[in-house]
Amino acid sequence: MTVDALTDVVGLRVGHATRIGDGWLTGTTVVLAPEGGAVAAVDVRGGGPGTKETDALDPRNVVQKIEAVVLTGGSAYGLDSASGVMAWLEERGRGVRVGLDPARVVPVVPAACVFDLGRGGDFRARPDAATGRAAVEAAAASEPGAPVEEGCVGAGTGAAVGQLKGGVGTASVVLGSGITVAALVVANAVGSVMDPETGVLYGEFFQGGGGPAFPAAEVHEAARQRLAEATARNTVPPLNTTLAVVATDADLTGAQAQKLAGTAHDGIARAVRPVHLLNDGDTVFTLATAARPLAPDNPLALNEVLAAGADMVTRAIVRAVRAAESVEGPGGVWPAYGELYGN
């Protein structure tokens, strides 16, 4: 049975560490690969990224597999959360072997951050190594195939998309070939996820089922007034970034995984406008667990995985926005789409 989440890719686990209150509005999310790692890649399109160990994922380089990916709040300061994940992995001998002693490993833990500094009121309240450890421990303690909590949790705790509250969302699909493709997104963009003329989420134009339901005119007008009032009160700008992990159980090479990371950005572009700006840091990671081979006699077999990756990113952004809850505090006011428009 699937749960429509990243954890539908067998072997992957997700853990959140969330800090709220007393100046805090931030957190960290860890995607933990099966022991032995997963093939990984990355594609960075935003003009202001905050990342760690992304060069190690270039398929021309030595790293073949990784054990975890970290998505975190706290802007560049929050990348310190990856240190806690590295320490946890080292204690378990998980990482790149660097000698005959199996305990001598260097875990490669790619990470990317979103800007949420000061949204809880305290500019210095940001994730650290302890936050990263808490998130990876939560991932390790979760059951295989467990549902993934969405909304204002983990790296999405302080997220905002345009004038709205952002958060974490996830989605998955099983293709006709039996291959699973899934995405987990942290939606925190300077761009908007909502058509200003109708109130419809951009991503819902691509969901099928006859198209989106349009809010009543009076509902949309009330929402616009509420958003304008909230924007006037905010002291922290809606800065970057949209982050995503796209995963599959297909047996991909490093180059194929990198292609999947690149095309998955199309899913962001469908749901966020504008996208990939200079003050965005849009980054997509790919994980492939290699449980299912691509059709060996079809050189274009990767195409359905590429298309599904972009689709799942779009769906995950919609789910992140719909799962978010309104936040009002010292750093500002961010209404939730569900509160403004209903479900």
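An open sheet of 5 strands has the order 1-2-5-8-4, and its pairing is mixed. Strand 1 and strand 4 (51-52) stand at the edges. Each has a single partner strand, so one side of each is left without a neighbour in the sheet. The model described here is predicted.

Both kinds of pairing can be followed in this sheet. Strands of a sheet pair through backbone hydrogen bonds, either parallel or antiparallel. Strand 1 and strand 2 (residues 24-32) run antiparallel and are joined by 9 bridges. Arginine 19 stands opposite threonine 26 in strand 2. The hairpin of strand 1 and strand 2 has 2 residues between the strands. In this hairpin, aspartate 22 takes a positive phi near 55 degrees. Strand 5 (residues 68-72) and strand 8 (residues 111-113), in turn, run parallel, with 3 bridges between them. Here leucine 71 stands opposite alanine 112 in strand 8.

The chain as a whole comes next. Its secondary structure comes to 6 helices and 16 strands. The radius of gyration is 19 Å, close to the 20 Å that the globule rule gives for 343 residues, so the chain is as compact as a globular protein of that length. Along the principal axes, the C-alpha atoms fill a box of roughly 65 × 45 × 35 Å. Of the 343 residues, 55% count as buried. The accessible surface comes to about 13,600 Å². Carbon and sulfur atoms account for 52% of this surface. The chain has 25 positive and 37 negative charges, and the mean positions of the two sets are 3 Å apart.

Two valines illustrate how sequence and space relate. Valine 14 lies in strand 1 (residues 13-21). Its relative accessibility is 11%; this is under 20%, so valine 14 counts as buried. Valine 14 touches Leu6, Thr7, Thr29, Val30, Val31, Ala139, Ser142, Val148 and Leu184, not counting residues up to four places away in sequence. Valine 14 and glutamate 149 are 135 residues apart in sequence. In space, their C-alpha atoms are 8.9 Å apart.

Valine 39 lies in strand 3 (residues 39-44). This residue is buried too, with a relative accessible area of 13%. Residues up to four places away in sequence aside, valine 39 touches Gln64, Lys65, Leu252, Thr253, Gly254, Ala257, Thr286, Leu287 and Ala288. Valine 39 and glycine 158 are 119 residues apart in sequence. Their C-alpha atoms are 30 Å apart in space.

A helix supplies a further buried residue. Histidine 220 lies in helix 3 (residues 217-233). The relative accessible area of histidine 220 is 6%, and the residue is buried. Beyond its neighbours within four places in sequence, histidine 220 is in contact with Asp195, Pro196, Glu197, Thr198, Gly199 and Tyr341.

Some backbone angles also deserve a note. Most residues other than glycine have a negative phi, and most peptide bonds are trans. Glutamate 53 has a positive phi, near 65 degrees. This glutamate is placed in the loop between strand 4 and strand 5. At 31% relative accessibility, glutamate 53 counts as partly exposed. Alanine 290 likewise has a positive phi near 65 degrees. Its place, however, is in strand 14. Alanine 290 is partly exposed, with a relative accessible area of 34%. This value falls between the 20% and 50% cut-offs, which is why the residue is classed as partly exposed.

The peptide bond between arginine 273 and proline 274 is cis, with omega about -10 degrees. Proline 274 is found in the loop between helix 4 (254-271) and strand 14 (283-292).

Methods:
Residues numbered from 1 in each chain as written. Predicted model: local features only at pLDDT ≥ 70, side-chain atom pairs only at ≥ 80, totals over all residues. Heavy atoms only, no water. Helix = DSSP H or I, 4+ residues; strand = E, 2+ residues; numbered from the N terminus. Buried < 20%, exposed > 50% of the residue type's maximum accessible area, 1.4 Å probe, protein only. Contact = heavy atoms within 4.5 Å. Rg over C-alpha atoms; globule rule 2.2 N^0.38 Å. Areas by Shrake-Rupley, 256 points an atom, 1.4 Å probe, with all protein chains shown as cover. Lys, Arg positive; Asp, Glu negative; His and termini not counted. Charge placed at Lys NZ, Arg CZ, Asp CG, Glu CD. Pairing = 2+ DSSP bridges.
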